[in-house]
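Me: I would like to learn how to read the aromatic pairs, nonpolar cores and paired strands of a protein model, one feature at a time.

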Amino acid sequence: MKDQLGFPNHYGENWAAFWDVITDENGLPDIVEFVGWDVLTQRLPDEAGQLKACFTDYGKEAGLKPCHVTYDSVQMVILPSHALQEGEALRLIHRHVAGATFPLRVERKTSSLQPKRYRFSTERWEESSVTEGNVDNLEAVDSWLTLNDDGNQKDVVIFSDKTDWLLSYYPDGLTLQGTQIEVVEPADTVDYETFFQHVIRGAYPIELTFCLSGTFGPTEKVYRLTLNDTNWERLIEEELLPQLDLPKTRGFWQSLARPTEPQTGETFLGEFHPNIFGNFVLAHSADDCYHFFDHINLAIKRF
């Protein structure tokens, strides 16, 4: 704490001294973010409780400069298969379980497509088999990652540790769960500008995947672009917009009489918001950090 928060050399390394230092004229930083909080509470429950109480009391002091304190928690991110390039799902699985405590429990659930029983029935998938096992190391994970691609059968593979499930892998995508996944922007404040404020902090080049199928129909329209500098607006205007079949910006009758105006980044922001069902944007930086923004995850998530 002394090193991370820049406490003075005379800091006494006890709770009374901690309180004195954080309530002096310098106070705390604008944001304090704990990574590994759940582990700390398990290993040092009394100290973690005392530390959290100090930050809670700090927030009640009207004369002190505000500090936003976040404690990591278990989060989930749902990635559709068309968000990922070939082999990327397997690489993300390896990365996600690399820090887990082995052995891991694994289940493969296979569902089969049954004959339609009723004219208006939609429930035709029934679980037909479950295979269970354990994997003792990272190399043993691969043997479970081949999914059945038969149109009449589908698999889901689930990995769990001693306390909870870690991931689900299935033909339609990949769901990850754990403290490695962070909410960096809540759902009520997210937009493209806040998304890219986080993204451009990463190392370039940054690979972007836009899915814009929700605006004009059910067919998945995926566009992959590379961002090489902070000017993401220019990338959208110069590289993404020319690929899109945007609707006319004028009213119907005006459109018949006069040509459509050139499309701009403002047009894109209005037509293709990720909160529209089916739309999303995924960013992957050169330092292997991902940001994901869509309506299902209800936030901007980093992992």
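Predicted model: local features only at pLDDT ≥ 70, side-chain atom pairs only at ≥ 80, totals over all residues.

Me: How many aromatic pairs does the structure hold?

Reply: A pair of aromatic rings is described by the distance of the centres and the angle of the planes. Rings of Phe, Tyr and Trp (its six-membered ring) pair if their centres lie within 6.5 Å, and planes under 30 degrees apart count as stacked, over 60 as edge-to-face and the rest as tilted. The structure holds 18 such pairs. In one of them, the ring centres of Phe 34 and Phe 55 are 5.7 Å apart and the planes stand at 75°, so this pair is edge-to-face. It links distant parts of the chain, since Phe 34 lies in strand β1 (residues 31-34) and Phe 55 in helix α4 (residues 45-60), 21 residues apart. Helices (H or I, at least four residues) and strands (E, at least two) are DSSP runs, numbered from the N terminus.

Me: Are Phe 34 and Phe 55 buried or exposed?

Reply: Buried means under 20% relative accessible area, exposed over 50%, and partly exposed in between (1.4 Å probe, protein chains only). Phe 34 is buried at 12%, and Phe 55 is buried at 6%. Tyr 192 and Phe 293 form another edge-to-face pair, with 6.1 Å from centre to centre and 75° between the planes. Because Tyr 192 lies in helix α6 (residues 192-199) and Phe 293 in strand β13 (residues 290-294), this pair ties together parts that are 101 residues apart in sequence.

Me: Which residues of the largest nonpolar core touch the most other members?

Reply: In soluble globular proteins, nonpolar side chains tend to be buried together. A nonpolar core is a set of buried Ala, Val, Leu, Ile, Met, Phe, Trp, Tyr and Cys residues joined through side-chain atoms within 4.5 Å. The largest core has 30 residues, of which Leu 79, Phe 159, Leu 167, Tyr 169, Leu 174, Leu 282 and Phe 303 touch the most other members. Among the elements that each supply at least two residues of this core are β3 (75-80), α5 (88-97) and β4 (104-113), and α5 gives the most, with four residues. A second, separate core of 25 residues includes Val 190, Tyr 223, Trp 232 and Leu 240.

Me: Which strands pair with β10?

Reply: Two strands pair if DSSP finds at least two bridges between them. β10 pairs with strand β11 (residues 222-227) in the antiparallel sense over six bridges, where Thr 209 has Arg 224 as its bridge partner. Six bridges also join β10 to β12, again antiparallel, and here Cys 211 is the bridge partner of Phe 280. Six of the seven residues of β10 (residues 206-212) are buried, so this strand is largely enclosed by the rest of the structure.

Me: Where does Val 135 lie, and what is it in contact with?

Reply: Contact means heavy atoms within 4.5 Å. Val 135 lies in strand β5 (residues 125-135) and is buried, with a relative accessible area of 1%. Leaving aside neighbours within four places in sequence, its contacts include Phe 102, Leu 104, Trp 144 and Phe 159. Val 135 and Phe 159 are 24 residues apart in sequence and 9.2 Å apart in space, C-alpha to C-alpha.

Notes
Residues numbered from 1 in each chain as written. Heavy atoms only, no water.
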